[in-house]
Amino acid sequence: MTRKETRRLRIKASVRGKVSGTKQRPRLTVFRSNKQIYAQLIDDATGTTLASASSLKMEVVAPKKDVAAKVGEEIARRAIAAGIEQVVFDRNGYLYHGRIKELADAARKGGLKF
């Protein structure tokens, strides 16, 4: 593992020690790869995924930030449909800028409260 990966995993463990999702206020976790971005709403009490969205099935050819915003809108739409309005944001060890920030801002604009 590189130093960068080790640092992200250390930050992730620190954040996960503080952040936990419930059925009323699930954890919105984000994972990004070099090409795709994924978001899930997780109830940590039962260990189930309540809703998810990703750029994998989107056929959008756009800059990565725009795709992340679309995923944020989609996860907000699915959360509202499932009756979820408040979430706890888990950035999964990534810095809060770029695609992560775009996804979070789009989810807020879609109606989710962090």
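Modeller: Begin with a loop residue. Asn92 sits in the loop between β4 and α3. Keep in mind that this is a predicted model.

Biologist: Is Asn92 buried or exposed?

Modeller: Asn92 has a relative accessible area of 8%, so it is buried. The cut-off for buried is under 20%.

Biologist: What does the side chain of Asn92 reach?

Modeller: The backbone oxygen of Val30, at 3.0 Å. Leaving out residues up to four places away in sequence, Asn92 touches Thr29, Val30 and Phe31, along with Arg8 and Lys12.

Biologist: Give me a contrasting loop residue. Is Lys57 buried or exposed?

Modeller: Lys57 is in the loop between β3 and α2. Its relative accessibility is 74%, so it counts as exposed.

Biologist: Now the interior. What is the general idea?

Modeller: In soluble globular proteins, nonpolar side chains tend to be buried together. Here, the largest nonpolar core has 21 residues. Leu28, Leu41, Ile75 and Leu103 have the most contacts inside it.

Biologist: Which elements supply at least two residues each of this core?

Modeller: The strands β1 (27–32), β2 (37–43) and β3 (48–54) do, and so do the helices α2 (64–81) and α3 (99–109). α2 gives the most, five residues.

Biologist: Which residues does Leu41 touch?

Modeller: Not counting residues up to four places away in sequence, its contacts include Leu28, Leu50, Ile75, Ala79, Ile84 and Val87.

Biologist: How do I read the buried face of a helix?

Modeller: An α-helix has 3.6 residues a turn, so residues three or four places apart point the same way. In α3, the buried residues are Arg99, Ile100, Leu103, Ala104, Ala106 and Ala107. They cover an arc of only 165° around the axis, so they lie on the same side of α3.

Biologist: What covers these buried residues of α3?

Modeller: The cover includes β1, β2, α2 and β4 (88–90). After α3 comes Gly111, with a positive phi near 120°.

Methods:
Residues numbered from 1 in each chain as written. Predicted model: local features only at pLDDT ≥ 70, side-chain atom pairs only at ≥ 80, totals over all residues. Heavy atoms only, no water. Core = buried A, V, L, I, M, F, W, Y, C linked by side-chain atoms within 4.5 Å. Buried < 20%, exposed > 50% of the residue type's maximum accessible area, 1.4 Å probe, protein only. Helix = DSSP H or I, 4+ residues; strand = E, 2+ residues; numbered from the N terminus. Contact = heavy atoms within 4.5 Å. Arc of directions from axis to C-beta. Polar contact = N/O pair within 3.5 Å; in protein donor to acceptor, adjacent residues only side chain to side chain.
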